[in-house]
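Welcome! Take a moment to look at the model, and then walk through the notes that follow.

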Amino acid sequence: MKKLKCHCGEVEAEINVPENLEKVLKCNCSICKRKGAIMSMVKNEDFQIIKGKDKLILYQFHSKIAKHYFCSNCGIYTHHNPRANPAMTGFNLGCIDEINTFELKNIAINDGQNHPLDKK
């Protein structure tokens with residue numbers, strides 16, 4: 001179990017995640033490119049907001065399927081539900097104190113610029 005916290009501490013979540021993260025990634029879609037976060041993913045049931053749900057701001061764009069959440073006080077991206085798989089929660093590894101994102105190796109790149117749901 002890991003604890004996620006935004007910068008100001010108003011938002012906290014508990015994440016049931018293995019010690020060795022199975023998936024570590026960055027994404028090159030328009031929003032992820034700008035926020036620059038290193039993320040991991042869990043099933044929705046393994047991610048639980050335990051403090052500050054009322055402080056979260058939802059941001060949606062384009063297809064309005066993906067849900068991106070930010071702390072309304074400090075502005076930090078905490079987590080999201082991707083449109084390719086809304087049953088999953090992606091979360092900001094930088095919000096977990098015991099993870100040093102500068103030491104992470106083999107960070108996969110998700111090609112969000114060429115999202116399969118955008119193909120005609």
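In this predicted model, lysine 35 lies over the face of tyrosine 77, at 3.5 Å from the ring centre. A charge sits over a ring if NZ of Lys or CZ of Arg is within 6 Å of the ring centre and within 35 degrees of the ring normal. Local features need pLDDT of at least 70 and side-chain atom pairs count only at pLDDT 80 or more, while totals for chains, interfaces and linings use all residues. Residues are numbered from 1 along each chain as its sequence is written, and side-chain values use heavy atoms, with hydrogens and water left out.

**Aromatic rings**

- There are two aromatic pairs in the structure; rings of Phe, Tyr and Trp (its six-membered ring) pair if their centres lie within 6.5 Å, and planes under 30 degrees apart count as stacked, over 60 as edge-to-face and the rest as tilted.
- Tyrosine 59 and phenylalanine 61 have ring centres 5.8 Å apart and planes at 25°, so this pair is stacked.
- Phenylalanine 70 and tyrosine 77 make a tilted pair, with 6.0 Å from centre to centre and 55° between the planes.

- Phenylalanine 70 and tyrosine 77 are both buried (buried means under 20% relative accessible area, exposed over 50%, partly exposed in between, with a 1.4 Å probe and protein chains only).
- Tyrosine 59 is partly exposed at 40% relative accessibility, and phenylalanine 61 is partly exposed at 26%.
- Of the 120 residues of the protein, 39% count as buried.

**Strands and sheet**

- The protein has one helix and 10 strands; helices (H or I, at least four residues) and strands (E, at least two) are DSSP runs, numbered from the N terminus.
- Reading from the N terminus, the elements run β-β-β-α-β-β-β-β-β-β-β.
- Three strands form an open, antiparallel sheet in the order E1-E2-E5, where two strands pair if DSSP finds at least two bridges between them.
- Strand E1 (2-5) and strand E5 (47-51) are the edge strands, each pairing on one side only.
- E1 and strand E2 (residues 12-15) pair in the antiparallel sense over four bridges, and lysine 2 has isoleucine 15 in E2 as its bridge partner.

**Overall shape**

- The C-alpha trace spans about 40 × 35 × 25 Å along its principal axes.
- Among contacts (heavy atoms within 4.5 Å) with a separation of 6 or more, 57% join residues 24 or more positions apart.
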